Amino acid sequence: LQVVQNVVGNTTFSGAQSDIATTYLVTITPSYTSSKILVSFTGTIACNDDQIGWIVKRSIGGASYTSTASTETYTGVTDRAGYYNTSNLACQVLDSPNTTSVIIYKLYVTANNVDGGPVIYFGRDSYGTYVTDTHCTAMEIAG
């Protein structure tokens, strides 16, 4: 029924040891309560010597952000597999929000560094040599 996309440039987050909100989001207003929303985030992600997990959360009509899943299940993870390596950020969520109110889908990120907060790089490698955009897309599908 409709497709919306938000393209966001590179960003760095420091100290992410629990779910923190990123600037990666997409906003959509469903036409029907029976609609399903397919949300995707694609780009690159890197971290300084750590494992990273990400989850998609939503806010309906300005309410607090909650997981799109019935549990706080992560929609993607990556292991550093070596110091300062860059990985693909790719996740998709099919949501049934049952509303015609505005919905914001936002990517949250966490890392499990036991020696202090890690630095997480979206849309670039840790050295800033290669820079990419992150594509945040929401597609309304007739229910």
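Analyst: Let's start with contacts, meaning heavy atoms within 4.5 Å. Among contacts in the chain between residues at least 6 apart in sequence, 81% join residues at least 24 apart. Please keep in mind that this is a predicted model, where local features need pLDDT of at least 70 and side-chain atom pairs count only at pLDDT 80 or more, while totals for chains, interfaces and linings use all residues. Residues are numbered from 1 along each chain as its sequence is written, and side-chain values use heavy atoms, with hydrogens and water left out.

User: What makes up the secondary structure of the chain?

Analyst: Helices (H or I, at least four residues) and strands (E, at least two) are DSSP runs, numbered from the N terminus. By that rule the chain has zero helices and 11 strands. Read from the N terminus, the elements are β-β-β-β-β-β-β-β-β-β-β.

User: How do you know which strands pair with β10?

Analyst: Two strands pair if DSSP finds at least two bridges between them. Strand β2 (residues 11–14) is joined to β10 by four bridges, and strand β4 (residues 36–47) is joined to β10 by three. As examples, Thr11 has Phe122 as its bridge partner in β10, and Ala46 has Tyr121.

User: What makes Asn98 stand out, and why is Asn98 called buried or exposed?

Analyst: Asn98 has a positive phi of about 55° although it is not a glycine. Asn98 lies in the loop between β8 and β9. Its relative accessible area is 57%, so Asn98 is called exposed.

User: How do you know that Asp95 forms a salt bridge, and with which residue?

Analyst: A salt bridge is a side-chain nitrogen of Lys or Arg within 4 Å of a carboxyl oxygen of Asp or Glu. The closest N and O atoms of Asp95 and Arg58 are 2.5 Å apart, so the pair meets the rule. The two residues come from distant parts of the chain, Asp95 in strand β8 (residues 86–95) and Arg58 in strand β5 (residues 52–60), 37 residues apart. Asp95 is buried at 3% relative accessibility, and Arg58 is buried at 16%. By this rule the count comes to one salt bridge.

User: Why is Cys91 in no disulfide?

Analyst: A disulfide is a pair of cysteine sulfur atoms within 2.5 Å. By this rule the count comes to zero disulfides. For Cys91, the nearest cysteine sulfur is that of Cys136, 9.2 Å away, which is too far for a bond. Both cysteines are buried: Cys91 has 6% relative accessibility and Cys136 has 0%.

User: What makes a nonpolar core, and which residues touch the most other members of the largest one?

Analyst: A nonpolar core is a set of buried Ala, Val, Leu, Ile, Met, Phe, Trp, Tyr and Cys residues joined through side-chain atoms within 4.5 Å. The largest has 25 residues, and Tyr24, Phe41, Ile45, Tyr105, Leu107, Ile120 and Phe122 touch the most other members. At least two residues of this core come from each of β3 (20–28), β4, β5, β8, β9 (103–111), β10 and β11 (134–141). In soluble globular proteins, nonpolar side chains tend to be buried together. Leaving aside neighbours within four places in sequence, the contacts of Phe41 include Tyr24, Val56, Leu89, Tyr105 and Leu107.

User: How do you know that Thr134 is buried, and which residues does Thr134 touch?

Analyst: Thr134, found in strand β11, has a relative accessible area of 0%, so Thr134 is buried. Not counting residues up to four places away in sequence, Thr134 touches Asn6, Val7, Val8, Tyr24, Thr42, Gly43, Leu89 and Gly123.

Technical notes
Buried < 20%, exposed > 50% of the residue type's maximum accessible area, 1.4 Å probe, protein only.
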